[in-house]
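Here are my notes on the charged side-chain pairs. Please read them with the structure open.

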Amino acid sequence: MFEHPPLVGVPGVGALDGEAGRPRSEQELRTRLTSKGFSDDVLEHVVRRLRELKLLDDQAFAAYWVEQRQSRVPRGRRLIDRELRMKGVAVETVADELGVV
């Protein structure tokens, strides 16, 4: 069976190679890796592994995004809702996080 290489140092992963300036949603990561030419097999492996390592978590991403938008760059709930949905965060996750605010 094919063994996937370790993720450290894989360009474009960001969460592990230090290029991520902020957390990313799963959709953002998928879009980024696809645009860099990664195969679907590698993409699924990376996403699965980052989830296992708790480095890819849309709930945590949404909480981070809401906190940033409330404290550093104030935005209204509707705009935050739209931003998170555009980033591929599930409707239920967005509602959960905006309900906290």
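Which side chain meets that of Glu52 in a salt bridge?

1. The partner of Glu52 is Arg49, at 3.0 Å from N to O. A salt bridge here is a side-chain nitrogen of Lys or Arg within 4 Å of a carboxyl oxygen of Asp or Glu. Glu52 and Arg49 lie three residues apart in helix α2, so about one helical turn separates them. Helices (H or I, at least four residues) are DSSP runs, numbered from the N terminus.

2. This is a predicted model, in which local features need pLDDT of at least 70, side-chain atom pairs count only at pLDDT 80 or more, and totals for chains, interfaces and linings use all residues. Residues are numbered from 1 along each chain as its sequence is written, and side-chain values use heavy atoms, with hydrogens and water left out.

3. Glu52 has a relative accessible area of 48% and Arg49 one of 34%. Both count as partly exposed, the class between buried (under 20%) and exposed (over 50%), using a 1.4 Å probe and protein chains only.

4. Arg51 forms a salt bridge with Glu26, 2.6 Å from N to O. This pair links distant parts of the chain, 25 residues apart: Arg51 is in helix α2 (residues 40-52) and Glu26 in helix α1 (residues 26-35). Arg51 is partly exposed at 41%, whereas Glu26 is buried at 17%.

5. In helix α4 (residues 77-86), Arg85 and Asp81 are four residues apart, about one helical turn. Their side chains meet in a salt bridge of 2.9 Å, N to O. Arg85 is partly exposed, at 42%.

6. The salt bridges number nine by this rule.

Technical notes
Helices (H or I, at least four residues) and strands (E, at least two) are DSSP runs, numbered from the N terminus.
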